[in-house]
Amino acid sequence: MTREHRVNIQYISAVGMLISGVALSVAGFIVSPLGEISDSVLWFAAQTMIYAGSVFGVSVYVNDKFPSQTNSTRTMTKKARKITEIIVHCSATREGKDFGAGDINVWHLVRGFDCIGYHYVVRLDGTVERGRDEQKIGAHCVGHNAMSIGVCYIGGLGDDKQPKDTRTPQQKDALRSLLARLKAKYPDAKIRGHRDFAAKACPCFDATSEYADL
């Protein structure tokens, strides 16, 4: 359906409401036993229809005549974040122990976050799960959250609980695919590891070097 057809249907609907309201007004006057229109249920329904038709009609007219201003307001409201970094993390959980975005969300809520701090989570089998919305500032790398996307793979610790690159083959494929997609979406963003910005081993491999070709 074209925009013109949609607008015409909206105009017809608004006019239909007004006509129905007028018709109900007349019916309410006739039905009222004493001619006291204000006491008629039909009169109340008529006033509602007339009011709704008027408001809807004005709304359609404004959106039709001033579309650029309306779209501009919406654009300002949903202005996209500028992304300069895509930061890779590990969940710091033991090798072979599978968790998901839901689990991390609970952990982060306990820590006082309003929701999971990462934007994406990659499970052991390579499944990519969404965390917080991309347009919401993350909570995963102090000093770099405002303009970054946080990606976390499940793992990062060996059986001895020491830092270790525990990525499964599926996780490696999924991570590369996800990062390539994000890089295409945010071409100016640089892919980094959490350890590049903090005194930590996370994500337990050199993400900057491994994904330098993306």
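Reader: Is Arg167 buried or exposed in this predicted model?

Author: Burial is read from relative accessible area, and a residue counts as buried when that value is under 20%. Arg167 has 8% relative accessibility, so this residue counts as buried.

Reader: Which side chains does Arg167 meet in salt bridges?

Author: Side chains of opposite charge can pair when their charged atoms come close. In this model, Arg167 meets Glu210 in a salt bridge, with a distance of 2.9 Å from N to O. Because Arg167 lies in the loop between β6 (156-157) and α5 (169-185), while Glu210 belongs to helix α6 (residues 207-210), the pair ties together parts that are 43 residues apart in sequence. Arg167 also forms a salt bridge with Asp165, again with 2.9 Å from N to O. As for these acidic residues, Glu210 is partly exposed at 31% relative accessibility, and Asp165 is partly exposed at 30%.

Reader: How many salt bridges does a search of the whole structure find?

Author: The search finds ten, and one of the pairs is Asp98 with Arg123, whose closest N and O atoms are 3.2 Å apart. Asp98 sits in the loop between β2 (93-94) and α4 (101-110), and Arg123 in the loop between β3 (120-122) and β4 (128-130), so this contact ties together parts that are 25 residues apart in sequence.

Reader: Which residues are linked with Asp98 in a network of salt bridges?

Author: The network links Asp98 with Arg123 and Glu129. Within it, Asp98 counts as partly exposed at 36% relative accessibility, and Arg123 likewise counts as partly exposed, at 22%.

Definitions and conventions:
Residues numbered from 1 in each chain as written. Predicted model: local features only at pLDDT ≥ 70, side-chain atom pairs only at ≥ 80, totals over all residues. Heavy atoms only, no water. Salt bridge = Lys/Arg side-chain N within 4 Å of Asp/Glu carboxyl O. Helix = DSSP H or I, 4+ residues; strand = E, 2+ residues; numbered from the N terminus. Buried < 20%, exposed > 50% of the residue type's maximum accessible area, 1.4 Å probe, protein only.
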